[in-house]
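User: I would like to go through this structure with you. Could you put it on the screen?

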Amino acid sequence: QVQLVESGGGLVQPGGSLRLSCAASGSILRINSMAWYRQGPGKQRELVALIMFDGTTNYADSVKGRFTISRGNAKNTVYLQMNSLKPEDTAVYYCNAAVTTDSYNYLEPWGQGTLVTVSS
C-alpha cells in the first residue's frame with residue numbers, strides 16, 4: 001500500500017502565491033514520477049505538472065512560467081509552488097505518483113485532493 005497526503009490549499013487573491021505539498025509513504029521501492037493534476041468546476045481533471053525520477057519536469061501550457069514542481073531531499077515529497085495565481089487556477093489539486101513497491105508491483109495512487117480558490 002502507498003498513501004499520498006497533500007496539504008497547502010486555501011483561498012488566495014489573484015496575483016498571490018501558494019505552495020502545495022504531497023508526501024508519499026508506504027511500501028515504496030522507487031517513485032518513478034510524481035505529478036499534480038487539477039479539476040476545476042465543471043471541468044475534466046488535467047495534468048498541471050510532472051517530475052520524473054531523473055528530475056525532468058513537464059508543465060501544462062497554462063501554468064508555464066508561473067508554477068514550479070520540485071521534490072524534497074528524500075524524493076518522497078513533491079511540491080508545487082504556484083505564483084501569479086489567476087481565478088481560472090481555482091480547482092481541486094490532486095497529487096499522483098507512479099510507484100514501484102518493494103514487492104515489485106506498480107501502483108499509481110492518488111491523494112485526497114486539496115482545494116485552491118483564487119478570488120478577491
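**Core, rings and sheet**

Analyst: The largest nonpolar core has 29 residues, and those with the most contacts inside it are Met34, Trp36, Leu80, Met82 and Tyr93. Such a core is a set of buried Ala, Val, Leu, Ile, Met, Phe, Trp, Tyr and Cys residues joined through side-chain atoms within 4.5 Å. This is a predicted model, in which local features need pLDDT of at least 70 and side-chain atom pairs count only at pLDDT 80 or more, while totals for chains, interfaces and linings use all residues. Residues are numbered from 1 along each chain as its sequence is written, and side-chain values use heavy atoms, leaving out hydrogens and water.

User: Is Asp89 buried or exposed?

Analyst: Asp89 is buried, with a relative accessible area of 1%. Buried means under 20% relative accessible area, exposed over 50% and partly exposed in between, with a 1.4 Å probe and protein chains only. Asp89 lies in the loop between β8 and β9.

User: What does Asp89 touch?

Analyst: Not counting residues up to four places away in sequence, Asp89 touches Arg38, Arg66, Phe67, Ser84, Val116 and Val118. Contact here means heavy atoms within 4.5 Å.

User: On to the rings. How many aromatic pairs are there?

Analyst: The count comes to two aromatic pairs, where rings of Phe, Tyr and Trp (its six-membered ring) pair if their centres lie within 6.5 Å, and planes under 30 degrees apart count as stacked, over 60 as edge-to-face and the rest as tilted. Tyr94 and Trp110 form an edge-to-face pair, 6.4 Å centre to centre with 85° between the planes. Ring pairs link Tyr37, Tyr94 and Trp110 into a cluster.

User: Which residue lies over the face of Tyr94?

Analyst: Arg45 does, at 3.8 Å from the ring centre. A charge sits over a ring if NZ of Lys or CZ of Arg is within 6 Å of the ring centre and within 35 degrees of the ring normal.

User: And the open sheet, what is its strand order?

Analyst: Four strands form it in the order β1-β3-β8-β7, with antiparallel pairing; two strands pair if DSSP finds at least two bridges between them. β1 and β7 stand at the edges, each with a single partner strand, so one side of each is left without a neighbour in the sheet.

User: How many bridges join β7 to β8?

Analyst: Five bridges join these antiparallel strands.

Key: Helices (H or I, at least four residues) and strands (E, at least two) are DSSP runs, numbered from the N terminus.
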